[in-house]
Structure formats: structure tokens, C-alpha cells
Amino acid sequence: MAETKYMTINMGPQHPATHGVLRVVLELDGETVVKSTPHIGYLHRGIEKIFENRTYWQGEPLTDRLDYTSGMSNNLAYCLAVEKLLGVEIPKRAQYIRVMLSELQRIAAHLLWVATHALDMGAMTVLFYGFRERENCLKVLETVSGARLMPDYIRFGGLREELPGGFIDMAKSFIEELPGRIDEYETLLTENVIWKGRTKGVGFLSAEDAIGYGVTGPVLRASGINYDVRKAYPYSSYEEFDFEIPLGTHGDIYDRYLVRLQEMRQSIRIVTQAIESLPEGPIKVNAPQYVPPEKEDVASDMAALIRHFKIMADGIKPPKGEAYVSIESSKGELGFYVVSDGTERPYRVRIRPPSFLNLGSVSKMIEGALVADVVAAIGSLDIVLGEIDK
Amino acid sequence: MKVILPLLKGLRLTFSRIFTKPITYQYPEKKHKVPERWRGIHYFKKNEAGETACVACGLCVKVCPNQCITLEIGEKFDGKRYPLKYEIDPWRCIYCGFCQDACPVNAINLGEDYEQAHYRKEDFVLDMKKLLAMYEDKK
């Protein structure tokens, strides 16, 4: 009897369709995938360990470099965790601005996904259209934070500084323009027979499997499970906003695409509400031991100057304890677990990256699929290796 | 028909784009307009005497997450401190803007310049002379 020999193929780490340095070892029977093993760690920087050597302040730029498509969400998650340690309540205005910015960031991340995934599937036009809108979205975020991808704008106890003048108009004109643009993508993709052929029924993940693998975010919701941290465990005043959680039914790539497009529309709703009902008030919490004073006071007030030096040079010292906070980033549930031993440096920071757990399901998804569908399945998860390898 | 119609709709959309103005701009000739808060290459503010406004307190050195600032403190005859040597390692810097936030006299700032291309490796290093020259460019 002839013995079946499988061919082993290395996909990545330099493969352009793995969105980073992901390596997947595929065992093939002809064109069909028999077994696949993802290998990670090519982008490992030891970020969790670096946290321990830095003050709480200095840890924040590291979070931008996890999931570089949604810096605001990462900043927010880390700040919420540290604020839970500090036990401070953030002013309403700061909370609303945080919601607004992280939703804009979600739109930017989803636009990037639609654009690049369409390119993976061979629809090149959508790449340019998606990047055009993403550029506008990044311009809005750039105006407020000063950088395109590494915002570093959300700080413990509030925000770095007040919104710049003209920001609201910019954000408004962007979100007014966007629904029409999303319709354009839908015209190009949703009914397109090639797009449907490449995505419908491909990369299927059942609801049980999705829960079993710990998948979160749009991938989980495309499988029909209604779980969104924004609704389940509201943070930063999300309970005051009116929005829906879009759900899929089939759990394939096509549904993930539809869910993400719908999420963008919901994000537009949230941003609109946040702009309309933006409360007046301070943007920083009144906790002098944790929040540095205003720059103008430093020049004139001696006490403020001393406090400024104390906080900048020594950092903040949260009380002993531990805190875990998870938020809904564009990829799924992003969690930060911070342990404090009472010094100015965290004792331990553990990150729960959504992409890492989502990636676990890829082997299940592409079992028995064709090689071309591997690219589609990996792309549909919207993984970012910066977050997986940390 | 069910197959063709969506494709035709897509084609109509892309064809209609031909007659609109291009949104790309020719980069090296036309520069990207950066917002006011842009965190670009650093510069030093000058005081009335034309010297650096830096008082060499060392707070930026302390707050920098990547320890990319080298500072040597000098002292004038009247006891005032000034930076004898101030250098920013451009390869370590992540442009987080913490030095700008920390500076009590608003001496070190992150400017609007974002182009870094030099023929020699040494030209990247931001020393006192360069940091002060950047301020001139800004004005």
C-alpha cells in the first residue's frame, strides 16, 4: 500500500499576506491544508518586562507600540488600569473625549483592515479608497495628539491637554463624509461575485469553537455571539451612548467583513453623540499627587513647580495592589493587568492582546481549506504581530 | 445579470473617479502640512541674549523613557546653570514629547520638522548648535 506523503510548506515570516512576521507551517496534501502550526515571536521585544524597568509614566509610549493600528485604545486600556490602581474618578469631559478618540481610532483601524484585506483578495481599488479615508481620519487624530500612529494623548487622570481649536469641526466633517464612503466600499465589494466567491463559506468558525479558542472582537461577533466589552462591562461612560452591536450569522470571512463595516457605522453614531453631548469641565482629575500641574502654573507658582519636579522626576506611586481592566479595541478584548508594590515602577504588567488569542483559531479555520484560503483566513482575523509578540 | 450588475456598478463608481481631482500630492515638492502639535525634530528656545533658554535642571533626562538625552551641567560666574553639552540621540528618541512636557522653562520643544536624511551618520545627532539653529529656521 502506498503511503501518503504530505508536503510541508513554510508560509512566512516574510510573506506579505501574513500582515507582519507571522510564520505558519502548513502540511499540505496537494492543495489542501491538512495541518497548520502558527509560529510567533519574530517581533518579540519583551515589552512586558520593559514595563517593570520604567516608571508608570514612561510605560505609556510602550503601549502605542503594541497594536500600532489603534494606539488610542491601547493608551486608554493602560491608563484605565493604572487609574483603577490609583482609585481616581475621571471627569466626564475627559471620558467623552476618550470615547470619541478611541472610536475614531477604531474607524481608522477598520478602514485599514477593509483596505488591506480587499487587496489580499485581489480588489486593489478598495485599498486606495480605504487609505484615502484613513488618511483623513489620521489627520483628525494627528491634530489632537501630534502624531499619526503613536498618539500618547490619554494620560493617567485625564488627557494631556485640551482639544485643539477646530478639532470638533474637523471630526464632524470627517464623520459626515464617511457613511457615503462606506457605501462606496459596499458598492465595490458586498455584491461583487469574486469577493463573495473568495469569502463566503471560507474560514468558517462556529460559535462553540470561537468561545473555545477565546476569540473576541469582530471575529467572535461574526460567529453570532453577542459579546462586546463596551456593552457587557461598560467603561469610560460607554453606557451613556446609544449604539448597537452588529452580529453575523455564518461565522465566515464575508460576515466578518459585514460586521466590521457595520461597526464603523456604529462608531460614527458614537462619535456624533459624543460631539453633540460633550460636557464642559476639567479634563484632568483633581488629584495633585498623581497629576502634574498645568504648564502655566509652573512658571508662576512655587508649589506647582515643586510638584511638577516631584511627579516628573520620581513618577507616581500608586498604592499597593493589582488591577485588571479590559476594553474593546478594534481587534477584540484588550486587557491590562498591573500589579503595584507601592514603588514608582510597576511590579508586573501583563497584557492580554486580542490578536494573540484570535490567532489561535486560525489552525481550526483553515483545516481542509485550500492554500489560497489561508491568506484569506489570516487576513480576516485582523492580526497585528506587534501585539501578539509584544 | 445578477453577476454582471454589481460589477458594472463598481465600474461606474471607479470610472466616475477619473474626472475628480487627484488627492495625492507630489511629496518632495509639496510638503505635508503638519498640525500645530506635531511632534517632530526638537529645537531649543532662545532667551533675549540669544542663548538657550535651558537651565540644565535635568528633568528631561530623568523623564525620557529611552535615556536618549545627554546633559553636562555648566555653571556661570553668577551661579546660574546652563547646559555645557546637550545631545539627543536621534536613534533612541521615540518622539513621545515627554521632554517637552517636563521642561519647566519651555526650552526644549518638538518642532514641525519631520525630514531626517543625511549623508553621514554623525549629522543625525542633535547637539546644542543644531537645536538652536532649528529655532532660527522656525522663525
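Chain A of this predicted model is built from 17 helices and eight strands. Its C-alpha trace extends over about 85 × 45 × 30 Å along the principal axes, and its radius of gyration of 22 Å agrees with the value near 21 Å that a compact globule of 390 residues would have. Of these 390 residues, 51% count as buried, and among the contacts in chain A with a separation of 6 or more, 69% are made by residues 24 or more positions apart.

Helix 3 of chain A, which covers residues 71-86, consists of 16 residues and reaches 22 Å from its first C-alpha to its last, close to the 22 Å expected at 1.5 Å a residue. Because 15 of the 16 residues of helix 3 of chain A are buried, this helix is largely enclosed by the rest of the structure. Just after helix 3 of chain A comes Gly87(A), whose phi is positive, at about 70 degrees.

Further along chain A, three strands make up an open sheet in the order 6-7-8, with antiparallel pairing. Strand 6 (321-328) and strand 8 (346-352) of chain A are the edge strands, each of them pairing on one side only. On average, and with direction ignored, neighbouring strands of this sheet are turned by 10 degrees against each other. Between strand 7 (residues 333-340) and strand 8 of chain A, which run antiparallel, there are six bridges, and Gly335(A) stands opposite Arg352(A) in strand 8 of chain A. Helix 3 of chain A packs on the sheet, where it touches strand 6 and strand 7 of chain A, and its direction makes about 150 degrees with that of strand 6 of chain A.

**The side facing chain B**

The contact between the two chains involves 24 residues of chain A and 23 residues of chain B.

In composition, the side of chain A that touches chain B divides into ten nonpolar, eight polar and six charged residues.

How values were computed: Residues numbered from 1 in each chain as written. Chains lettered and ligands numbered in written order. Predicted model: local features only at pLDDT ≥ 70, side-chain atom pairs only at ≥ 80, totals over all residues. Helix = DSSP H or I, 4+ residues; strand = E, 2+ residues; numbered from the N terminus. Rg over C-alpha atoms; globule rule 2.2 N^0.38 Å. Buried ≥ 20, exposed ≤ 12 C-beta atoms within 10 Å, placed from the backbone. Contact = placed C-beta atoms within 7 Å. Nonpolar A, V, L, I, M, F, W, Y, C, P; charged D, E, K, R; others polar. Expected span 1.5 Å × (residues − 1). Pairing = 2+ DSSP bridges. Axes fitted to C-alpha atoms, helices over the stretch in contact; angles between N-to-C directions.
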